[in-house]
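Please examine the sequence and the structure shown below. The paragraphs that follow lead through selected parts of it.

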Amino acid sequence: MAAYLRGMTCLLSFGRNEVLKREIEYIVDPRRYVRGLRRTPVKVLFPGGDTDIIHKVPKNQTGRHDNKKRSLEKKLKEPNANVSLEAERETHEKSLFSNHTNSSGNATPTWEKTKDLIGGLSFERAYPGDKRLARVVSVARSRTFREHQGKILLEGRRLICDALKAGANPQMVFFSTVERLRELPLDKLKRATLVKVKFDDIKIWSDLVAPQGVIAIFSRPDPTRLQFPQDQSGQSVPLSLICDNVRDPGNLGTILRCAAAAGCQEILLTKGCVDAWEPKVLRAAMGAHFHIPIFPSLDWDDIQKQLPKPVTVHIADNCSSSVRGAAMDTELKMPNKTTKAGDYGWVRNGPNHKHISYEDYDSDSDVEDSGFVPCKVDTKLYHESWAQKSTAIVIGGETHGLSLEAFQLAEKTAGQRLFIPVVPGVDSLNSAMAASILLFEGRRQLLNIMETSEKRAKSKLKLQSS
């Protein structure tokens, strides 16, 4: 009997718990959902990315308006209600409506749009899922889109400041913190769209190991419209650089940096070169794009028109000592054999094509019997006298070398092959290293010529005055 009673007690307690549990679920859940429906949001996220704040009306203020409205309605229902009460109700309704209208009379919502200002400029905040940064960066990294849409991507404070100082046109600037934006000249960003994004988003799309937290999109600059530093232009020498088939971004960027440091007047790039506005080239050049005019994707006819008149064009002989010795031995042993450009190891057999882009440009074609025979151009050591009043140097790529058009232009202008000797067993120098040696040697020779001419002019003036 006792066992039976204990079992019934357990059963009743279990059933009671189940009933209470179900009852609690049935009663508590609707309260929770109703409480959630009654909540008023503090912020509203719109598709445009603007965060708007809702200004709540104080409860005591709403209660006061409601009580006043009820009292007026009761008085109007009375038989002795006069016109003054009706006018009082109308003024009360107008006062309520005026709280939600602006000066123009148009009704406005209960939220007001907040604007972020810095230095007099307004900027946007990227909302979650904003793909503008990813879309713009992916477009700017493609050479085809850069050329068709006329946009370039610059990353880092120094590079962006150099571009703004040179007069480049900014379109959009992405930054992670307000401090990063303050580091830029704000007076030159009035026409640009400023967008504040998370640093993690910039880190994802940045090519740098340690991103600086600022990325800018500029219109593709025109070298004829940029404003270069006056102090640098005053130190320039009549020296031009022509890059032929330089396809390595690091090499081209280093060459541009050396040319700017040597005080060259201009840089001309053939169609076989890598794009000068590629991110890797920009990083290696360290702002040289905005210190010296750069004319990309030129034909050899355009190069001849761009060069000053008169000019002497020299070519850099990047042939190693072993290849040079083998070629000279072949000439001595077989004087009647026709020598091709490829036998020297520093010039291509075939010419450059006029209508060709970098992606499908292939200068390593098997054209051994193309019929092009290089002209005779004398060789001279780099430290000997070769620079004149107006000089140009052609630097070829390491893999494909110089084109025949460069060789023919050197012969046409009475130029020479500049040779940098190296110890036996060592291959030819890097293109950027050879360019830096020749550029600074050319600068030294041109400065000596300019100093000599100035001394002669002064001596003539003294003789005439005496």
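How many bridges join strand 13 to strand 15? Strand 13 is joined to strand 15 (residues 391-396) by four bridges, and the two strands run parallel; strands are DSSP runs of E, at least two residues long, numbered from the N terminus, and two strands pair if DSSP finds at least two bridges between them. In this pairing, V313 stands opposite A392. Strand 13 also pairs with strand 16 (residues 417-419) in the parallel sense, over three bridges, and there D317 has F419 as its bridge partner.

The model is predicted: local features need pLDDT of at least 70 and side-chain atom pairs pLDDT 80 or more, while totals for chains, interfaces and linings use all residues. Residues are numbered from 1 along each chain as its sequence is written, and side-chain values use heavy atoms, leaving out hydrogens and water.

Strand 13 (residues 312-317) is largely enclosed by the rest of the structure, because six of its six residues are buried, that is, under 20% relative accessible area with a 1.4 Å probe, protein chains only. T312, H314 and A316 point one way from the strand, whereas V313, I315 and D317 point the other way.

E155 is buried but has no salt bridge, which would be a side-chain nitrogen of Lys or Arg within 4 Å of a carboxyl oxygen of Asp or Glu. The nearest side chain of opposite charge, R283, is 5.6 Å away; Lys and Arg count as positive and Asp and Glu as negative, with His and the chain ends not counted.

Notes
Buried means under 20% relative accessible area, exposed over 50%, partly exposed in between (1.4 Å probe, protein chains only).
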